[in-house]
Amino acid sequence: GDPLTPGPTVMYDVLEHSKATIFGTSARYLAASSASGVVPKSTHNLSLRTVLSTGSPASDNTFEFASSQLRPGLQFLSVSGGTDLNGCFAGGCPILPVRDGELQVPALGMDVAILDEEGKKLRAGDGPGELCCLQPFASQPLQFVGDDERGSKYRAAYFDQIEGVWCHGDFAEVTHSGGLIIHGRSDATLNPGGVRIGTADIYGVLERVLPDMVTDSVAVGRSVRLPDGTADVEVVLFVQLREGVTLGDDEIRRIRTTIRTEASPRHVPAHVIATPAIPVTANGKKVEVAVRKALAGQEVKNRGALANPESLDWYYDLRW
């Protein structure tokens with residue numbers, strides 16, 4: 001169901017009534033709460049000590065909302081893992097400071113490393129790479145149901161990219177404090193001019209700076225040829241607009257200028273297009289790969305995993 005129905009305070013009503021001390025939720029839900037204008041610390045008597053967020057990277061604005069508007073003194077933990085591994089690769093620690101945009105520490109029992117495309121370990125300051133686990137872990141799945149005897153699907157899902165290393169599919173980097181920043185899914189990483197950038201960087205800017213204009217967005221890469229024939233990738237940004245907002249030249253200019261200023265020139269989209277809906281999974285993850293496939297006319301095989309599979313039809317029908 002919709003956690004904002006019948007109103008944006010319904011989940012906080014449940015938390016107050018149950019006297020819950022730990023609340024596991026999604027970055028998308030917290031962002032929606034913030035956008036709705038609710039201030040639970042002023043309207044509810046919450047017992048929360050810890051709030052955990054997963055599903056997608058939490059923006060700085062979401063960190064600020066959770067830390068300052070829910071209940072004074074609670075710990076906000078952004079965590080990263082997966083249902084498939086029944087655990088987390090990175091999470092929180094109650095005796096360390098929480099820094100906006102960061103996952104505090106690698107999880108216990110997980111040999112987590114950020115590797116570049118050649119399998120070299122990246123340190124703080126080296127930039128982002130693939131989030132990997134170098135050794136087997138206690139909750140590691142052993143096989144896929146219905147796979148062949150060689151485990152071909154299982155190996156292709158996690159071990160084909162770097163031989164013998166679990167590659168989780170997140171584009172991440174190590175911070176100087178020892179934490180991690182997740183920039184988005186590595187299979188949705190944009191590569192304009194040969195520089196890898198994360199889609200979460202763009203989403204965070206729009207959520208933080210332009211909530212009056214944009215309610216949601218999805219960014220994908222589009223293959224192009226430069227005038228000299230060199231292959232390149234341009235960023236295409238689809239935005240879902242607030243009611244009453246239209247996307248004209250002034251609005252597109254404002255979006256591009258904001259992204260350039262708050263992120264970098266590399267993040268600036270070549271195209272900004274208004275869309276009626278953003279395809280997401282049941283837990284609110286944007287599905288950039290599905291959008292990219294729909295734009296290319298390719299089959300999206302896992303449409304049943306989407307909360308709004310009909311939203312892909314618009315992208316299939318788009319002509320531009």
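Cys93 is buried, at a relative accessible area of 18% (buried means under 20% relative accessible area, exposed over 50%, partly exposed in between, with a 1.4 Å probe and protein chains only). The sulfur of Cys93 lies 14 Å from the closest cysteine sulfur, that of Cys88, which is too far for a bond. This is a predicted model, in which local features need pLDDT of at least 70 and side-chain atom pairs count only at pLDDT 80 or more, whereas totals for chains, interfaces and linings use all residues. Residues are numbered from 1 along each chain as its sequence is written, and side-chain values use heavy atoms, without hydrogens and water.

**Cysteines**

- The structure holds zero disulfides (a disulfide is a pair of cysteine sulfur atoms within 2.5 Å).
- Cys133 is buried at 2% relative accessibility.
- The closest cysteine sulfur to that of Cys133 belongs to Cys132, at 8.8 Å, too far for a bond.

- Asp111 occupies the loop between strand S6 (105–106) and strand S7 (112–115) (helices, H or I of at least four residues, and strands, E of at least two, are DSSP runs numbered from the N terminus).
- Asp111 is partly exposed because its relative accessibility is 28%.
- Not counting residues up to four places away in sequence, Asp111 touches Cys132, Cys133, Leu134 and Gln135 (contact means heavy atoms within 4.5 Å).
- The C-alpha atoms of Asp111 and Leu134 are 5.5 Å apart, although 23 residues separate the two along the chain.
- A polar contact of 3.0 Å joins the side chains of Asp111 and Gln135 (a pair of N or O atoms within 3.5 Å; within protein, one must be able to donate a hydrogen and the other to accept it, and residues adjacent in sequence count only if both atoms are side-chain atoms).

**Helix H2**

- Within helix H2 (residues 27–36), the residues Ala27, Tyr29, Leu30, Ala31 and Ser33 are buried.
- The cover over these buried residues includes helix H1 (10–18), strand S1 (22–26), strand S2 (50–54) and helix H6 (199–209).

**Nonpolar cores**

- The largest nonpolar core has 35 residues, and those with the most contacts inside it include Ile202, Leu237 and Ile259 (a core is a set of buried Ala, Val, Leu, Ile, Met, Phe, Trp, Tyr and Cys residues joined through side-chain atoms within 4.5 Å).
- Elements giving two or more residues to this core include H6, strand S12 (231–241) and helix H7 (249–262).
- S12 supplies the largest share of this core, six residues.
- Apart from this core lies another, of 19 residues, among them Leu85, Leu103, Ala107 and Phe159.
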